[in-house]
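Subject: Structure for you to look at

Dear colleague,

I am passing on the structure we spoke about, together with some notes on what was found in it. Please keep the view open while you read.

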Amino acid sequence: MRARAIRVLSANWPAPSQVRALTTLKTGGVSSGVFSTLNLAAHVGDEREAVTNNRAELKRALCLPAEPSWLSQVHGCGVVDVSVGSVGTVADAAYTTAPGSVVAVMTADCIPLFLSDTDGSFVAIVHVGWRGLCAGVIEALLGKLALPLGRILAWTGPGIGSDVYQVRADVRETLIDSFPGHESALAATGNHWIADLPTMVEQRLRHQGVIHIFHSGQCTYRQADAYFSYRRDGQCGRMASLAWLE
């Protein structure tokens, strides 16, 4: 059965048992060509029927308590509480304190940043690329949480690795202008710079007071059998990162 073919990477962090957090791998769906097979994005050129079938199969296979609150992501700093309804909302971060609501972001190299706390009182996911990082999306999400940041748990899901993410000199300058500490996470290579995106995410979190930070260590660019990668393939599908409270 197709449902058994769907594979996910679950967050490896010490969150309470009621917290569910995972990222899908790219296999187990019905999409074809460059979207093969579990593309979950409706905006990348895939057949709409295939995406609809993939989303339905995902919900069934994972026994999701509700349809994920799919966002319209723009690499900005918008944050939405999905407990009050948000399908199609323009935002790059979502959170909920309500059991049964499913927060979601889609990625294909950007970092899906998962957040919860030691009590499992909420779940959140942030879509983090260099633009969102500079826009302050992490800080925007943390600003919505009315609890001590020392209790926060953070996990970076699969994203482009620290040794392959090349950026231009102007992007490097923009990153450093937005947060001077990022200079240590940028290494020169020819006419470009290698940006360690997971480290920059951690730098932002620690600066805000988050101390419990964990990483998947999964590279979407290098692991072609498991993940879509826009930098590697150009047109491609998207994985979904999902979190909810049981």
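Leaving aside its neighbours within four places in sequence, which residues is T156 in contact with? Taking contact to mean heavy atoms within 4.5 Å, T156 touches I111, P112, L113, V201, F214, H215 and S216. Please bear in mind that this is a predicted model, in which local features need pLDDT of at least 70 and side-chain atom pairs count only at pLDDT 80 or more, while totals for chains, interfaces and linings use all residues. Residues are numbered from 1 along each chain as its sequence is written, and side-chain values use heavy atoms, with hydrogens and water left out.

To stay with T156, this residue lies in strand β8 (residues 152–156), where strands (E, at least two residues) are DSSP runs, numbered from the N terminus. T156 has 3% relative accessibility and therefore counts as buried, the classes being buried under 20% relative accessible area, exposed over 50% and partly exposed in between (1.4 Å probe, protein chains only). The side chain of T156 also makes a polar contact with the side chain of H215, at 2.7 Å; such a contact is a pair of N or O atoms within 3.5 Å, and within protein one must be able to donate a hydrogen and the other to accept it, with residues adjacent in sequence counting only if both atoms are side-chain atoms.

Turning to the sheets, two strands pair if DSSP finds at least two bridges between them. Four strands, in the order β1-β2-β13-β5, form an open sheet with antiparallel pairing, and its edge strands, β1 (8–10) and β5 (102–107), each pair on one side only. Within this sheet, β2 (residues 19–24) and β13 (residues 239–245) are joined by five bridges, and R20 has W244 as its bridge partner in β13.

Another open sheet has three strands in the order β9-β11-β10, again with antiparallel pairing. Because β9 (166–167) and β10 (186–189) stand at its edges with a single partner strand each, one side of each is left without a neighbour in the sheet. Four bridges join β10 to β11 (residues 192–195), and A188 has W193 as its bridge partner in β11.

Finally, a search of the whole structure finds zero disulfides, a disulfide being a pair of cysteine sulfur atoms within 2.5 Å. For C77, the nearest cysteine sulfur, that of C134, is 12 Å away, and C77 counts as partly exposed at 38% relative accessibility. For C219, the nearest cysteine sulfur is that of C110, 13 Å away, and C219 counts as buried at 8% relative accessibility.
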